[in-house]
Amino acid sequence: MDRNLQDPPSPRNGHGESTHGHTGPDRTAHHTATAATPGAQRRVLVVEDDPTIVEAIAARLRAEGFLVQTAADGPAAVETAAAWHPDLLVLDVMLPGFDGLEVCRRVQAQRPVPVLMLTARDDETDMLVGLGVGADDYMTKPFSMRELVARAHVLLRRIERAAVAATTPRPGSVRLGDLEIDRTQRRVRAAGKDIHLTPTEFDLLMCLARSPRAVLTREQLLAEVWDWADASGTRTVDSHVKALRRKIGAERIRTVHGVGYALETPPGYAGEPGIGAAAGGEV
C-alpha cells in the first residue's frame, strides 16, 4: 500500500483499542460509523480481514465524508449489507468464512450495489471471475488510498447517472444484427437470449455501440465509462472487455493492438436511421 497516502494510525482509547475500528477481541463483528447519517452521505461497507488495512481504508473514507461500517469475514459482510443497505462495497477477495466472490454473489442477490474488489494477486483470472459475479471494478494490493477514494467516487457517480437516466430514458433500442441494447431498461439480448451485464459492462457496451466500427482507445473508454483519466487504469478496461466478450460473444468486439477496441457490426450495416433490425440500426 502507498505509505505516503495512508492515514495516520487510528487514535486509541484507554484500553488500547482503536476508536475507529474493532470494538473488542471479536474481529468478525461489524462496526457502526459514529457520525449521524445525513441524507446526502453515502454509506460504504469495507470488508477486509486485515485490521491495519481495514482501519486505514475506513479512516480515509470517513475523512472524505462517507459513512463507513466494516466487516472482517464473509458471513458478517452479508449480514451487514442486508441490514445497513450500503451504497458501495469495498470488498477483499480473501476472507474467512467464505470468500469475497461468494459475498459479492449473495449481496448482489439481495439488491444491486456497486462493488470495488480488492485482490492481493495481480491475476487476471481472479479479476475476470470477480467481474463475472457482479463486481464493477477491482484494485490490486498494494494500492494508493487516493486512487481507492477516486474510484469509489467514480462508481457512485455512475450509479447516480444511471438513476437519472432511468427517470429520463431515451426512447428505443440499439440493434446491431442480433445484438439488441435496450437503453430504457438497460437490458441486452444477443442471438435471442437475455444477457445479464453488470452496470459497468452495460455502460462499456453502450459506449462502444454509440460509434460502431470506430476504434476507441483504452484511455477514451476509461474516461468515458469510469471517469478515470489515469492511464495506469487501462488494464481495468481490458479485463472488463474480456468479461463482456464472454457474455455477448468474443467476435463482437475487435481488438486493435496497441490502440483499443471497436464494436463489430453485421454485414450490410450502415448506421443510418431507419435501417431494419436484420441489418442493424436504431429503432
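**Where the helices meet**

Tutor: Thr200, Asp203, Leu204, Cys207 and Leu208 in H6 meet Leu221, Glu224, Val225 and Trp226 in H7, where contact means heavy atoms within 4.5 Å. By class, these residues are 6 nonpolar, 1 polar and 2 charged; Ala, Val, Leu, Ile, Met, Phe, Trp, Tyr, Cys and Pro count as nonpolar, Asp, Glu, Lys and Arg as charged, and the others, Gly among them, as polar. The model is predicted, so local features need pLDDT of at least 70 and side-chain atom pairs pLDDT 80 or more, while totals for chains, interfaces and linings use all residues. Residues are numbered from 1 along each chain as its sequence is written, and side-chain values use heavy atoms, without hydrogens and water.

Helix H6 (residues 199-209) and helix H7 (residues 218-226) pack at about 125°, with axes 10 Å apart. Helices are DSSP runs (H or I, at least four residues), numbered from the N terminus. Axes are lines fitted to C-alpha atoms over the stretch in contact, and angles run from 0 to 180 degrees between N-to-C directions.

H7 and H8 pack at about 85°, with axes 9 Å apart, which makes them roughly perpendicular. Asp238 of H8 is among the residues in that contact. Asp238 is buried, at 17% relative accessible area (buried is under 20%, exposed over 50%, partly exposed in between, with a 1.4 Å probe and protein chains only).

Key. Helix = DSSP H or I, 4+ residues; strand = E, 2+ residues; numbered from the N terminus. Parallel < 35°, antiparallel > 145°, perpendicular 65-115°, else oblique.
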